[in-house]
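Please consult the sequence and the structure while reading the points below.

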Amino acid sequence: TSVNNMIHWQQEIDHGNFGWHNYGKSQNEKKYGQASAPQYNLSNFVSPPTALFAGDRDALADPADVEQLISATPVKTLVNISYFNDYAHMDFVWGLNAHTILYIKQYNPIV
């Protein structure tokens with residue numbers, strides 16, 4: 001990931017919010033037209049249809065944060081919510097069985 005992405009993540013942790021990147025007052029005014037970074041409004045997130053996968057060992061997306069994301073997202077947008085035991089953050093990419101339990105079984109109409 002990028003340094004900028006990690007700074008943004010740290011800002012969200014420090015401030016307990018889910019908002020756009022905070023560049024500081026003067027840059028925020030240039031980019032966003034206001035002194036502070038705006039918050040994401042997930043109630044406007046109506047497309048594309050979205051599948052959400054979460055692992056119980058994911059230190060970067062703990063269960064409380066996942067539940068907060070689910071509750072803030074319109075129900076019709078979430079077409080799938082799946083929880084996986086013993087899955088951490090990168091297991092969805094690198095997990096030895098990710099290709100079968102996530103991608104082939106979930107979204108392949110042939111299987």
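Helices (H or I, at least four residues) and strands (E, at least two) are DSSP runs, numbered from the N terminus. This is a predicted model, in which local features need pLDDT of at least 70 and side-chain atom pairs count only at pLDDT 80 or more, while totals for chains, interfaces and linings use all residues. Residues are numbered from 1 along each chain as its sequence is written, and side-chain values use heavy atoms, with hydrogens and water left out.

**Confidence**
- The chain has a mean pLDDT (the predictor's confidence in each residue, from 0 to 100) of 87, and 93% of its residues reach 70 or more.
- Where pLDDT is low, the predicted coordinates should not be read in detail.

**Asn28**
- Helix H2 (residues 25-32) contains Asn28.
- Asn28 counts as buried because its relative accessibility is 0%; buried means under 20% relative accessible area, exposed over 50%, and partly exposed in between (1.4 Å probe, protein chains only).
- The side chain of Asn28 reaches the backbone nitrogen of Tyr23 at 2.9 Å.
- Not counting residues up to four places away in sequence, Asn28 touches (heavy atoms within 4.5 Å) His21, Asn22, Tyr23, Gly33, Gln34, Ala35, Ser36 and Ala37.

**Leu42**
- Leu42 is placed in the loop between H2 and strand S1 (50-55), and at 16% relative accessibility Leu42 counts as buried.
- Leaving aside neighbours within four places in sequence, Leu42 is in contact with Phe18, Leu69, Ala72, Thr73 and Pro74.
- From C-alpha to C-alpha, Leu42 and Phe18 are 9.7 Å apart in space, and they are 24 residues apart in sequence.

**Salt bridge**
- A search of the whole structure finds one salt bridge, defined as a side-chain nitrogen of Lys or Arg within 4 Å of a carboxyl oxygen of Asp or Glu.
- The side chains of Asp86 and Arg57 meet in a salt bridge at 3.1 Å, N to O.
- This pair links distant parts of the chain, 29 residues apart: Asp86 is in the loop between strand S2 (78-84) and helix H4 (91-94), and Arg57 in the loop between S1 and helix H3 (63-72).
- Asp86 is partly exposed, with a relative accessible area of 49%, whereas Arg57 is exposed, at 56%.

Note on methods:
A polar contact is a pair of N or O atoms within 3.5 Å; within protein, one must be able to donate a hydrogen and the other to accept it, and residues adjacent in sequence count only if both atoms are side-chain atoms.
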